[in-house]
Amino acid sequence: MSATEKITLATAWLDGCSGCHMSFLDLDERLITLAELVDVVYSPIVDTKELPQQVDVGILEGAVSSEEDLAKARMFRERCKFLISLGDCAITGNVPSMRNMFDLDEVFDRAFVETVQAQPQRPTEGLPQLLQPVRPIHHVVPVDLVVQGCPPSADTIWYVLTELMAGRAPDPTQITRFGA
Amino acid sequence: MPRYPTPANAPPKVRVVTLRINGQDVSAREDETILSVAVDHGIRIPSLCYLEGLTAWGACRLCVVEVAGIPKLLPACSTVVTEGMVVETNSDKLKRYRRMILELLFAERNHVCSVCVSNGHCELQNLAAECGMDHVRVPYRNAPYEVDSSHDFFRVDHNRCVLCTRCVRVCDEIEGAHTWDVMGRGVECQVITDLHTPWGESESCTSCGKCVQVCPTGALVKKGTAAGEMEKLGDFLPYLTQMRGKQ
C-alpha cells in the first residue's frame, strides 16, 4: 500500500489534560500496526504544524473553553470527513466545565491571584479569550461519534479505530462509559 | 357484618392474574406492581427512585412502560397489574424516553463522573451506560447547589442529587426519624434535614447512615472518601423490611 492510499488521521486536544492522547499512546505495539494503515497528518504527537485541507478521520480531546478551542473545533469539522469526540471533556465538558458555576472574574482571580505568591496578577497578553460557559464539542459543531471515558482505555480506542478501518460503525457504549 | 379473626399463618386471600410482558405470559398476584412481576420473571426494567423495601414513589419515570389500550406511559413501580394486561417494557419509544430522562438528569445538576466519589458505583452512571446515553443534547444548566459538610460522618452534595427521595423514605419508613424531607419546587427543589437546618445541627438525625447507603448517586456520602471510593451497601434494606414484617 502506498502512502497516498493510507487513511489520514488528525488529532488535537482542546481543554483537556492530554490523558486521552496518553491513552492513545498506550496502544503500545499496536501503534506500529496502526502506522501501517493510517497516516497521522496532524497531532500534538507529530511535528506537522498545520491541519491539512482534507482529512479522513479527526479526533478531538477536551472541551471547548476558549476562542482558540472553538476555532479548532470548527476547523476540524470543516476538514475532517469523520469527527470523533474522544473522552468525557469533549463529550460533557467534564472537569473543565466545572468552572461554569463561577463567573470568569472569580475564575481568573482564583487561578492567577489568590493561589499565586510571586507577582499575583492576571495575564494580559498571549492567551486566547476564555468562553463562558465551557461546552462539549457536539454543542458547537456536529460530531459523528462520541467515545466516553476519562480517559477511554487504549482497548476502547483500538476497537473504535479498527472498526472504522473495517468499514463498520463502532458502538463504544458497550465497552466504555462516563468516568470509565 | 361479623368479622372473624384470621389464623396467624393463613395465606392472604389474593387472586392470581395473568398478563403478558414483552410477549411472555406471566402470572402474578393481583396486588403486585408491573415492576415487581418483571423482576420476579427476570425481565429488566431500568429504574432509579424505586428501591425494594421502600414505598414506591414514581418520581424518576425511568421505569415507564407501555400498556396496550392506554395512551399514556405508566410507571412500572407504581402501576398494579390487572388481568389480561399487555405490557411492553423495551420498545424504541421507551428507549428514547429513558434516554431523554437521563439526559435531562445529567444536564440539570453536576454529574461529572470522573471526579465523583461514587464513580464506578453509581446507579445513575450505570443507567446511562445501560440505556446507551453517551452524550447530552440539551444545554447543561451549570447551576451551583449547596454542599453541606456539617455532619460529623456524612456529607450531602446537592449538585449530585437526583431527587429520588430514597433518603426521605428510608429515614421515615425504616429508621423512623424523618430527618429528611423535600423543599421547594422545580429546579429549586432539594432534600433538607429537619426544617432546612444544617445536617450537623439536626436534632432528629440518629446518624444511622441508612440514607447514605440507599442514595443512588454521590449526593449522600461518607466523609473522607476520594474519587471512586464511595461504595454503597443497599442490600440491608430488603432484609430489614422482611424481618420486621415477620415480627
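Two strands count as paired where DSSP finds at least two bridges between them. Helices (H or I, at least four residues) and strands (E, at least two) are DSSP runs, numbered from the N terminus.

The model is predicted: local features need pLDDT of at least 70 and side-chain atom pairs count only at pLDDT 80 or more, while totals for chains, interfaces and linings use all residues. Residues are numbered from 1 along each chain as its sequence is written, and chains are lettered from A and ligands numbered from 1 in the order in which they are written.

**View 1. The five-stranded sheet of chain B.** This open sheet of chain B has mixed pairing and the strand order β2-β1-β5-β3-β4. Its edges are β2 (24–29) and β4 (73–75) of chain B; each has a single partner strand, so one side of each lacks a neighbour in the sheet. On average, neighbouring strands of the sheet are turned by 40° against each other, direction ignored. For such angles, axes are lines fitted to C-alpha atoms (for helices, over the stretch in contact), and values run from 0 to 180 degrees between N-to-C directions.

**View 2. Pairing of β3 and β5 in chain B.** Two bridges link strand β3 (residues 64–67) of chain B with strand β5 (residues 86–88) of chain B, in the antiparallel sense. B:V67 has B:V87 of β5(B) as its bridge partner.

**View 3. The three-stranded sheet of chain B.** Here the strands form an open sheet in the order β6-β7-β10 (chain B), and the pairing is antiparallel. At the edges stand β6 (147–148) and β10 (220–222) of chain B, each of which pairs on one side only. Strand β7 (residues 154–157) of chain B is joined to β10(B) by three bridges. Opposite B:R155 stands B:V221 in β10(B).

**View 4. The two domains of chain B.** Chain B divides into domain 1 (16–90) and domain 2 (95–235), with bounds from an automatic or database domain assignment. Taken over C-alpha atoms, the centres of domain 1 and domain 2 of chain B are 25 Å apart. Domain 1 of chain B gives 14 residues to the contact and domain 2 of chain B gives 20 residues; two residues are in contact if their C-beta atoms, placed from the backbone, lie within 7 Å. On the side of domain 1 of chain B that touches domain 2 of chain B, eleven residues are nonpolar, two polar and one charged. Ala, Val, Leu, Ile, Met, Phe, Trp, Tyr, Cys and Pro count as nonpolar, Asp, Glu, Lys and Arg as charged, and the others, Gly among them, as polar.

**View 5. The contact of chains A and B.** Chain A supplies 21 residues and chain B 19 residues. Helix α4 (residues 88–92) of chain A provides three residues, the largest share of the side of chain A that touches chain B.
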